[in-house]
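Here is a note for a colleague who is meeting this structure for the first time. The points below are meant to be read with the sequence and the model side by side.

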Amino acid sequence: MSAISTIVGHLCSDPEMRQIGANTACSFRVAVNTSSKDKNNNYVSNFYDCTIFGKRSERFYSRAQKGSGVTVCGEVAAVEYTAKDGTLRTGLRMNVDHAEVQSKMKDKEAAPPAAANFSADDLDF
């Protein structure tokens, strides 16, 4: 089962770019704080494994790095996987339709974050 969602969080690590045939794909992991707290009174986070494709992936990759604030929209699905310790776990995976970098950390002299957002030409509709 999957759902279209928007999440706002921070990148857990630098995004990774790869080539798939003639297309490019950028994979990244987003941590999203929830309003729930654990027994130590720390906020609980959800983690999303995300992938964005094509020209959008190249633009995202050039602007994002570990710790960047991001807003991403796309189809979220729960997926089961076997962890390194052999246990069966469930994770969240998002096929990203739209992504924005909220803060740019690579170049402190860069334009404000609003200038780093995608243009209307990037929209599919």
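Which residue in E4 is the bridge partner of valine 32? The partner of valine 32 in E4 is asparagine 46, and the points that follow place this pair in its setting.

1. Basis of the note. This is a predicted model, in which local features need pLDDT of at least 70 and side-chain atom pairs count only at pLDDT 80 or more, while totals for chains, interfaces and linings use all residues. Residues are numbered from 1 along each chain as its sequence is written, and side-chain values use heavy atoms, with hydrogens and water left out.

2. Overall arrangement. The protein has 2 helices and 6 strands, where helices (H or I, at least four residues) and strands (E, at least two) are DSSP runs numbered from the N terminus. Along the sequence these elements follow the pattern β-β-β-β-α-β-β-α. Of the 125 residues in the protein, 30% are buried; here buried means under 20% relative accessible area, exposed means over 50%, and partly exposed lies in between, with a 1.4 Å probe and protein chains only. Among contacts with a separation of 6 or more, 58% are between residues 24 or more positions apart, a contact being heavy atoms within 4.5 Å.

3. Strands E3 and E4. E3 (residues 23–37) and E4 (residues 43–53) run antiparallel and are joined by 10 bridges; two strands are taken as paired if DSSP finds at least two bridges between them. The hairpin that they form has 5 residues between the strands. Asparagine 41 lies in this loop, and its phi is near 70°, a positive value in a residue other than glycine. As background, most residues other than glycine have a negative phi.

4. Strands E5 and E6. E5 and E6 pair in the antiparallel sense over 13 bridges, and alanine 78 stands opposite leucine 92 in E6. These two strands also form a hairpin with 5 residues between them, and glycine 86 in the turn has a positive phi of about 90°. E6 (residues 88–101) pairs with E4 as well, in the parallel sense and over 4 bridges, with arginine 93 as the bridge partner of aspartate 49.

5. Salt bridges. The structure holds 2 salt bridges, each defined as a side-chain nitrogen of Lys or Arg within 4 Å of a carboxyl oxygen of Asp or Glu. Aspartate 49 forms one of them with arginine 29, the closest N and O atoms being 3.0 Å apart. Aspartate 49 lies in E4 and arginine 29 in E3, so this pair ties together parts that are 20 residues apart in sequence. Aspartate 49 is partly exposed at 31% relative accessible area, and arginine 29 is partly exposed at 35%. Arginine 89 and aspartate 85 also meet in a salt bridge, at 3.4 Å from N to O; arginine 89 is partly exposed at 39%, whereas aspartate 85 is exposed at 54%.

6. The nonpolar core. The largest nonpolar core has 18 residues, and those with the most contacts inside it are Phe28, Val30, Cys50, Phe60, Val72 and Val96. Such a core is a set of buried Ala, Val, Leu, Ile, Met, Phe, Trp, Tyr and Cys residues joined through side-chain atoms within 4.5 Å. Strands E1 (2–11), E3, E4, E5 (69–82) and E6 each supply at least two residues of this core. Leaving out residues up to four places away in sequence, valine 30 touches a set of residues that includes Ile7, Leu11, Phe47, Cys50 and Val70.

7. Helix H1. Gly54, Arg56, Ser57 and Phe60 are buried in H1 (residues 54–63). Seen down the axis of H1, the buried residues fall within an arc of 110°, so they line one face of the helix; the arc is that of the directions from the helix axis to the C-beta atoms.

8. Two further positions in E3. Serine 27 is in E3 and counts as buried at 19% relative accessibility. Its side chain makes a polar contact with the side chain of arginine 18 at 2.4 Å, a polar contact being a pair of N or O atoms within 3.5 Å, where within protein one must be able to donate a hydrogen and the other to accept it, and residues adjacent in sequence count only if both atoms are side-chain atoms. Alanine 31, also found in E3, is buried with a relative accessible area of 19%.
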